[in-house]
Amino acid sequence: MRLSVNEHNDAEAYLEEKDLKNDAFDKLRVIARYYIDNDYNIDEVKEQLRVFVANCGENYTLNVWHDMIEAAAKRAKKTPAILIDYVSVTEPEMEVIAKIKGIRARRFAFTLLCLKKYYNAIRENNNGWICVKHSELMRLANIKISLDGQAELYRVLIDAGLIELPDKLNRVAIHVTFDDIEGKEAVRVDDFRSIGNQYMMATGGPYYRCHECGLVVRMPGGKKRTKPYKYCKECAIKVKTRQSIESVMKKYYKDVEDIDVKISRTQVL
Ligand SMILES: [Zn+2]
């Protein structure tokens with residue numbers, strides 16, 4: 001599950017990446033909506049999708065792609081793009097969270113509040129409900145504990161009157177009952193991959209934001225250091241590979257240049 005804050009930015013990134021190996025339908029839908037919002041008519045939108053599919057190295061005349069393009073364009077017509085950019089957590093909301101007992105429960109409450117704001121922003125009449133799978137909630141809150149520990153988190157928040165569960169437990173849903181949207185902004189959340197870590201960073205924990213992909217991660221060993229960390233684990237590998245390719249290329253071109261210089265000198269002599 002990926003929660004986007006700006007699907008126009010996503011569409012531009014997909015068009016640039018040219019990769020349909022994962023989440024193909026969703027990518028086509030987001031791109032289709034992007035073109036609809038840029039005043040393309042539906043036939044032009046489908047043509048753009050065919051071009052994109054071809055650019056990704058796929059054969060758009062195959063039934064599977066033809067049908068997916070049709071369905072994505074149809075869905076895009078009905079679904080407006082998500083363009084919220086961020087959600088704000090206010091000072092009074094942070095104060096309510098700070099009073100909760102246990103750091104994990106605070107992190108969980110912050111995550112649930114951000115998700116409530118997110119769904120309220122993208123769905124009219126949402127009224128504070130979150131319908132996200134439990135395991136997904138734990139992942140977004142960056143919480144890894146036993147099932148008993150997880151049940152305890154719910155109990156703490158229910159006892160504090162901050163959340164309610166539906167009477168019928170066959171629904172995966174949580175009603176987040178607290179917020180104070182009039183207060184001054186304390187934290188801005190514009191990335192819904194690691195919400196729990198963003199709470200930890202906002203409250204002074206040893207966390208940092210990756211310069212490459214924007215993900216907020218914990219400092220190795222949980223310690224701050226004088227030279228700040230720059231990249232998350234995945235990006236550090238990517239950046240290192242990119243830098244070594246660049247340095248090899250640089251050396252190659254320098255060698256070629258040197259040879260050229262030598263040749264031209266020899267010619268002069
Ligand atoms: Zn990164």
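Helices are taken here as DSSP runs of H or I with at least four residues, numbered from the N terminus. On that basis, in this predicted model, the loop that joins helix 1 (7-17) to helix 2 (24-37) contains Lys 18. The phi angle of Lys 18 is near 50 degrees, a positive value in a residue other than glycine. Most residues other than glycine have a negative phi. Lys 18 is partly exposed, because 13 C-beta neighbours fall inside 10 Å.

A positive phi is also found at Asp 85, at about 70 degrees, although Asp 85 is not a glycine. Asp 85 sits in the loop between helix 4 and strand 1 (87-90). Asp 85 counts as exposed, because it has 11 C-beta neighbours inside 10 Å and the limit for an exposed residue is 12 or fewer.

The protein chain is assigned three parts: domain 1 (7-78), domain 2 (87-222) and domain 3 (232-269). Between domain 2 and domain 3, the C-alpha centres are 48 Å apart.

Two packed helices are described by the angle between their axes and the distance between the axes. For helix 2 and helix 4, the packing angle is about 55 degrees and the axes are 8 Å apart. The two helices are therefore oblique to each other, and helix 2 passes helix 4 in a right-handed crossing. On the helix 2 side, the contact is formed by Ala 24, Phe 25, Leu 28, Arg 29, Ala 32, Arg 33 and Ile 36. Helix 4 contributes Met 68, Ile 69, Ala 72, Ala 73, Arg 75, Ala 76 and Lys 77. Sorted by class, the contact of helix 2 with helix 4 comprises ten nonpolar and four charged residues, with no polar residue.

Helix 4 (residues 63-78) also packs with helix 3 (residues 42-55); their axes come within 10 Å and cross at roughly 135 degrees. That angle makes helix 3 oblique to helix 4. The crossing of helix 3 past helix 4 is right-handed. From helix 3, the residues in contact are Ile 42, Val 45, Lys 46, Leu 49, Arg 50 and Val 53. Their partners in helix 4 are Trp 65, Ile 69, Ala 72, Ala 73 and Lys 77. This contact of helix 3 with helix 4 has eight nonpolar and three charged residues, and no polar ones.

Helix 5 passes helix 6 in a right-handed crossing. Glu 93, Ile 97 and Ala 98 of helix 5 meet Arg 106, Ala 109, Phe 110 and Leu 113 of helix 6. The residues of this contact divide into five nonpolar and two charged, with no polar residue.

In helix 9 (residues 195-202), the buried residues are Ile 195, Gly 196, Asn 197, Gln 198 and Tyr 199. The elements that cover them include helix 6, helix 7 (134-140), strand 5 (185-189), strand 6 (207-209) and strand 7 (216-218). Ala 202 also lies in helix 9, but Ala 202 is partly exposed, with 17 other C-beta atoms within 10 Å. From Ala 202 to Ile 158, the C-alpha distance is 24 Å, and the two are 44 residues apart in sequence. Just after helix 9, Gly 204 adopts a positive phi of about 90 degrees.

Met 1 is placed in the segment before helix 1. Met 1 is exposed, with 8 other C-beta atoms within 10 Å. The C-alpha atoms of Met 1 and Glu 136 are separated by 7.8 Å, although these residues are 135 residues apart along the chain.

Val 239 belongs to helix 10 (residues 233-268). With 15 C-beta neighbours inside 10 Å, Val 239 counts as partly exposed. When residues up to four places away in sequence are not counted, Val 239 touches Glu 212 and Tyr 231. Val 239 and Arg 123 are 38 Å apart in space, C-alpha to C-alpha, and 116 residues apart in sequence.

How values were computed:
Residues numbered from 1 in each chain as written. Predicted model: local features only at pLDDT ≥ 70, side-chain atom pairs only at ≥ 80, totals over all residues. Left-handed = near helix turned anticlockwise from the far one by under 90°. Contact = placed C-beta atoms within 7 Å. Nonpolar A, V, L, I, M, F, W, Y, C, P; charged D, E, K, R; others polar. Domains from an automatic or database assignment. Axes fitted to C-alpha atoms, helices over the stretch in contact; angles between N-to-C directions. Parallel < 35°, antiparallel > 145°, perpendicular 65-115°, else oblique. Buried ≥ 20, exposed ≤ 12 C-beta atoms within 10 Å, placed from the backbone.
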